[in-house]
Amino acid sequence: MLFAVTMDVALPQDMESDLRADTLAREKAYSQDLQRAGEWVSIWRCVGQYSNLSIFDVRDNERLHEILWNLPLFPFMTIQVTPLAQHPSDIAAG
């Protein structure tokens with residue numbers, strides 16, 4: 001199942017620098033592991049914002065939920081999930 005997921009991040013201004021650095025490092029490692037595994041298909045920066053648009057290819061809703069809830073930045077995110085379906089005009093669909 002394909003999902004487009006927008007993640008807006010709002011870290012507290014008073015977050016300790018060591019905690020911030022640790023959280024960001026864990027987030028990067030976790031996301032890159034999921035990219036290597038093929039579940040986090042792509043990640044795009046939303047220009048001018050502290051947010052991204054990512055494409056996930058997971059077995060079901062529960063797996064996406066599990067991935068998102070385990071993001072180290074999850075407590076500081078607003079997330080919007082959009083399920084995706086093949087468009088009939090997509091030439092790649094053949």
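On this tour, buried means under 20% relative accessible area, exposed means over 50%, and partly exposed is in between (1.4 Å probe, protein chains only). You're looking at a predicted model, where local features need pLDDT of at least 70 and side-chain atom pairs count only at pLDDT 80 or more, while totals for chains, interfaces and linings use all residues. Residues are numbered from 1 along each chain as its sequence is written, and side-chain values use heavy atoms, with hydrogens and water left out.

**Stop 1: the whole chain**

Show everything as a cartoon and you'll find two helices and four strands, in the order β-α-β-β-α-β from the N terminus on. Helices (H or I, at least four residues) and strands (E, at least two) are DSSP runs, numbered from the N terminus. The C-alpha atoms fill a box of roughly 50 × 25 × 20 Å along the principal axes. Of the 94 residues, 31% are buried.

**Stop 2: helix 2**

Select residues 61–69, which is helix 2. Which of its residues are buried? Arg 63, Leu 64, Ile 67 and Leu 68. They sit on the same side of helix 2 because they cover an arc of only 130° around the axis, the arc being that of the directions from the helix axis to the C-beta atoms. Turn to the other side of helix 2 and Glu 62 and Trp 69 are exposed.

Contact here means heavy atoms within 4.5 Å.

Next, pick Asp 60, which caps the N-terminal end of helix 2 with a side-chain oxygen 3.3 Å from the backbone nitrogen of Glu 62.

**Stop 3: Ser 54**

Jump to Ser 54 in strand 3. Ser 54 has a relative accessible area of 0%, so it counts as buried. Its side chain makes a polar contact with the side chain of Asn 52 at 2.7 Å. A polar contact is a pair of N or O atoms within 3.5 Å; within protein, one must be able to donate a hydrogen and the other to accept it, and residues adjacent in sequence count only if both atoms are side-chain atoms. Leaving out residues up to four places away in sequence, Ser 54 touches several others, including Phe 3, Met 7 and Trp 40.

**Stop 4: two residues of helix 1**

Ser 31 is in helix 1, and its side chain reaches the backbone oxygen of Lys 28 at 3.0 Å. Glu 27 is in helix 1 too, and counts as buried at 10% relative accessibility. Select Leu 73 as well: its C-alpha atom and that of Glu 27 are separated by 6.5 Å, although the two are 46 residues apart along the chain. Not counting residues up to four places away in sequence, Glu 27 touches Leu 71, Pro 72, Leu 73 and Met 77.

**Stop 5: the largest pocket**

What lies closest to the centre of the largest pocket? Among its 17 lining residues, select Glu 27, Ile 43, Tyr 50, Asn 52 and Leu 73. Helix 1 (17–36), strand 2 (40–45) and strand 3 (51–57) each supply at least two residues of the lining, and helix 1 gives the most, with six.

Conventions: On a 1 Å grid over the protein atoms alone, a cavity is a set of points where a 1.4 Å probe fits but cannot get out, and a pocket is an open set with protein on both sides within 12 Å along at least five of seven lines; lining residues have an atom within 4 Å of a point.
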